[in-house]
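Please open the model in a viewer and keep the sequence panel at hand.

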Amino acid sequence: TAAQKEGPAWSKQHAFFYAAECQLAKGDGAAAFATYEALLTQFPNTRFRADARLGQVRAQVMKKDLNGAKSALSAAEGDIKEKQLGPIFEMKAKLEGARLAAAANDWKGAMEKFGSVATSAASFPAVVAEAKVGLAQALAETGDHGRA
């Protein structure tokens, strides 16, 4: 909190972003969403812009606000496309779309989306790993325990 108020702009941006990440980890989606929003409002051109937008998707899902999550995902996808942030952020956005499908209990849709990310994000091992975990959950939820 102190770092958000004092110091150079880069330090403040890091403080906002990592505070929001901590709030997500603690399960406080409302606070995380507000902190990401404060970052985006105070630093509209921050290098954390896409990650903050994607964090807002997770925060909305955590709050069980699926319509808000869909809107946040659309905003993230728009930023990623407009700023031409490339495949890593495109894959991260697809991963959030799969998580959103899972949150809506659309397990077949989640399974397809997680599978798509797992097979098309080979250059991004962390994204592939997250997609495979989501795919395993979706397979289990649809009764395919052997493949899960």
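Select histidine 145 to begin: this residue is exposed, with a relative accessible area of 56%. Here buried means under 20% relative accessible area, exposed over 50%, and partly exposed in between, computed with a 1.4 Å probe on protein chains only. Histidine 145 is located in the segment after helix 8. Helices (H or I, at least four residues) are DSSP runs, numbered from the N terminus. Not counting residues up to four places away in sequence, histidine 145 touches Leu139 and Ala140, where contact means heavy atoms within 4.5 Å.

Two remarks on provenance apply throughout. This is a predicted model, in which local features need pLDDT of at least 70 and side-chain atom pairs count only at pLDDT 80 or more, while totals for chains, interfaces and linings use all residues. Residues are numbered from 1 along each chain as its sequence is written, and side-chain values use heavy atoms, with hydrogens and water left out.

**Helix 8 against helix 6**

Next, select helix 6 (residues 87-103) together with helix 8 (residues 125-141); their axes come within 10 Å and cross at roughly 15 degrees. Axes are lines fitted to C-alpha atoms, for helices over the stretch in contact, and angles run from 0 to 180 degrees between N-to-C directions. Helix 6 is therefore roughly parallel to helix 8; angles under 35 degrees count as roughly parallel, over 145 as roughly antiparallel, 65 to 115 as roughly perpendicular and the rest as oblique. The two helices make a left-handed crossing, a term used if the near helix is turned anticlockwise from the far one by less than a right angle, with right-handed used if clockwise.

To display the contact, show Ile88, Met91, Lys92, Leu95 and Arg99 in helix 6 with Val127, Glu130 and Ala131 in helix 8. Sorted by class, this contact of helix 6 with helix 8 has five nonpolar, no polar and three charged residues. In this scheme Ala, Val, Leu, Ile, Met, Phe, Trp, Tyr, Cys and Pro count as nonpolar, Asp, Glu, Lys and Arg as charged, and the others, Gly among them, as polar.

**Helix 6 on its own**

Keep helix 6 selected. Its 17 residues reach 24 Å from the first C-alpha to the last, close to the 24 Å expected at 1.5 Å a residue; the expected span is 1.5 Å times one less than the number of residues. Buried residues of helix 6 include Phe89, Glu96, Gly97 and Leu100.

**Through the loop to helix 7**

Move to asparagine 105, in the loop between helix 6 and helix 7. Its phi is near 60 degrees, a positive value in a residue other than glycine. Asparagine 105 is exposed, with a relative accessible area of 56%.

Then select helix 7 (residues 107-120), whose 14 residues reach 20 Å from first C-alpha to last, close to the 20 Å expected at 1.5 Å a residue. Among the buried residues of helix 7 are Trp107, Met111, Phe114 and Val117, and what covers its buried residues includes helix 6 and helix 8.

With helix 6 and helix 7 both shown, the axes come within 7 Å and cross at roughly 160 degrees. Helix 6 is thus roughly antiparallel to helix 7, and their crossing is left-handed. The residues making this contact include Met91, Leu95 and Ala98 of helix 6 and Trp107, Ala110 and Phe114 of helix 7. By class, the contact of helix 6 with helix 7 has nine nonpolar, three polar and three charged residues.

Now select helix 4 (residues 49-62) and helix 5 (residues 66-82), which pack at an angle of about 165 degrees with axes 8 Å apart. The pair is therefore roughly antiparallel, and helix 4 passes helix 5 in a left-handed crossing. Among the contacting residues are Leu54, Val57 and Val61 of helix 4 and Ala69, Leu73 and Ile80 of helix 5. The contact of helix 4 with helix 5 has ten nonpolar, three polar and three charged residues.

Lysine 64 is found in the loop between these two helices. Lysine 64 has a positive phi of about 65 degrees although it is not a glycine, and it is exposed, with a relative accessible area of 71%.

**Final stop: glutamine 13**

Finally, select glutamine 13 in helix 2 (residues 9-25). Is glutamine 13 buried or exposed? Glutamine 13 is buried, with a relative accessible area of 14%. Leaving aside neighbours within four places in sequence, glutamine 13 is in contact with Leu39, Phe43, Thr46, Arg47 and Phe48.
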